[in-house]
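Student: Hi, could you walk me through a model I've just opened? I'd like to start with the overall picture and then get down to residues.

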Amino acid sequence: MNWDEAPLATSFVSPAELTVTVPANRIATPGTSFLVVANQDAHSTPTSFPIKASGPVITKLDPAAATAGGASFRLTVTGRGFQPDDAVHCNGTALPTVVDSSTQMTAVVPVEAITEPGGASVTIVRSTSAESLAVSFLVNPADPIMTEIAPSSATEGTGAFTLAIKGKGFLPGAVVVWNGQPLETEFVDSGGVTAKVPVELVATAGEASLAITNPGGTEGTPAAFLVHPPVPGLLSVSPSSATTGGDDLTLVVSGSGFVTGAAIRWDGVALETAFLDSTRLKAIVPASWIIGGGAAEVSVSNPDGLTSEVSSFQVLEAKPRIAGVAPGTLAAGVSGLVLAVDGSGYLPGTILQWDGVPLETTFVDPTRLTAQVPADRMLNSGSARLTAVNPHEQISEPWPLTIVALRVASFDQESLTAGGPDTTLTVFGDGFQAGATVYWNGTPLSTTFSEGALTAAVPARLIDKVGMARIAVAIPGGLMSNTQAFPIVAASVEE
């Protein structure tokens, strides 16, 4: 056989068939060649043989697949025979293409090319209309993703209801599955479906597995759906009130729907609670929580977080009580007197009243108040009534006060002996108080106050001579008592 008049290596197969070997250089360029079969003494009519330009060939796509509904991406095409004017086509639509080399091209696949799952046809098309063989590109269904479930839970024994589920990747025909059981589902769009939950699925408390399955069996990640026990109900609280400042309180709550692990809550804070049965709980309320008066909110919460209605628990203010006043006896005429009033049930803002008139009062702590007594209240001997009134206008029982004139009445000795050693003298009278000073002829002596009496240290120099001393007492604030004569007598002479 001759190829364009050049003989080729030919093998005889039969009178109707020959095989020839065509060197590569004979088909290096596009065009038309002529074939002639020649015998020893004859030859055939020439037959034309077209040599076409070689087209591009795709050997690999990267990535080889995408997910429906995903973002646009860059597709790398590997093969051979690529030319600068070649373009990647997807399902017949040209894509923005860059020819990197004769063996690699890249193209941008837009979102709209992968909106639906299935197979896409990828080819390379040349400006001369030469086209590669198509390679299939797989568009996988997206896994459905749930982002919101409404309602997010249900209560045991409620009726049938409709779930509204939001997310992405939902396909027409998607089905909501409850513990493996498909529900009657309505497709809204790729971001939403609704499903009907029959009453029997929420007849018992527990946790259900909720998922969405797209056509083709693609299932999203399941989500837990809680069916709660009934909300606990609170019927009564015993006792229903307490007085501030008391001891720890044992609280018993009665109701319904309580389960093991339920907690009594006091103003929202869980107490250490004993479960008695489904209708009774018991807890200890610390005494430190029962202060200040007003109302506390008592409720019950089950371990699943469901909480009962709130019951109001009244915390009553303790009535203030005066237990003691210092000084116990008040001296008429004193100024700058500060009373220290001990008792209980005092609150910040509690005021002491003198015969109903408020005094300038300082709150020290719940058991002590101090008050400044104006000098005009102490002008004369007599009596007064001291009361404590808290900010809630609760008033204590009155405490009687006695105001006596400051007076020196007697001594523990009838006389002292002239020329004797240092000694002491105890002075009795009225209106004495801590800080009072005994005066000896106008000279202040070192003085101590105890049990209403004053004991003064008398140095020997003050009794070195026979005579009469004038004894007086001064209390803080400068008030001075009457003067009482006290004899210093001569020592007795032994005969």
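Tutor: Happy to; we'll go from the whole chain to a few residues.

Student: Is this predicted or experimental?

Tutor: This is a predicted model.

Student: How many helices and strands does the protein chain have?

Tutor: The protein chain has zero helices and 51 strands.

Student: And is the chain spread out or compact?

Tutor: Spread out: its radius of gyration is 56 Å, whereas the globule rule gives 23 Å for 495 residues, so the chain is more spread out than a compact globule. Along the principal axes, the C-alpha atoms fill a box of roughly 200 × 60 × 40 Å.

Student: What share of the residues is buried?

Tutor: Buried residues account for 34% of the 495. The chain exposes about 26,400 Å², with carbon and sulfur atoms supplying 53% of that area.

Student: Which residues have the most contacts inside the largest nonpolar core?

Tutor: They are Leu339, Trp354, Leu386, Trp440, Ile471 and Val473, in a core of 45 residues. Apart from that core lies another, with 21 residues, including Ile149, Leu183, Ile212 and Phe225.

Student: Let's zoom in on Leu401. Where is it, and is it buried or exposed?

Tutor: Leu401 sits in strand E42, which covers residues 399–404. Its relative accessibility is 1%, and because the cut-off for buried is under 20%, Leu401 counts as buried.

Student: What does Leu401 touch?

Tutor: Leaving out residues up to four places away in sequence, the contacts of Leu401 include Val325, Leu339, Trp354 and Leu386. The C-alpha atom of Leu401 is also 7.5 Å from that of Gly328, although the two residues are 73 apart along the chain.

Student: Which residues other than glycine have a positive phi?

Tutor: Asp4 is one of them, with phi near 50°. Asp4 is in the loop between strands E1 and E2 and is partly exposed, at 37% relative accessible area. Asn179 also has a positive phi, about 50°, and is found in the loop between strands E19 and E20.

Student: Last one: how many charged side chains are there?

Tutor: The chain has 21 positive and 44 negative side chains, and the centres of the two sets are 5 Å apart.

Definitions and conventions:
Residues are numbered from 1 along each chain as its sequence is written. This is a predicted model: local features need pLDDT of at least 70, side-chain atom pairs count only at pLDDT 80 or more; totals for chains, interfaces and linings use all residues. Side-chain values use heavy atoms; hydrogens and water are left out. A nonpolar core is a set of buried Ala, Val, Leu, Ile, Met, Phe, Trp, Tyr and Cys residues joined through side-chain atoms within 4.5 Å. Buried means under 20% relative accessible area, exposed over 50%, partly exposed in between (1.4 Å probe, protein chains only). Helices (H or I, at least four residues) and strands (E, at least two) are DSSP runs, numbered from the N terminus. The radius of gyration is taken over C-alpha atoms; the globule rule is 2.2 Å times the number of residues to the power 0.38. Accessible areas come from the Shrake-Rupley method with a 1.4 Å probe; for residues, only the protein chains shown count as cover. Lys and Arg count as positive and Asp and Glu as negative; His and the chain ends are not counted. The place of a charge is taken as NZ of Lys, CZ of Arg, CG of Asp or CD of Glu. Contact means heavy atoms within 4.5 Å.
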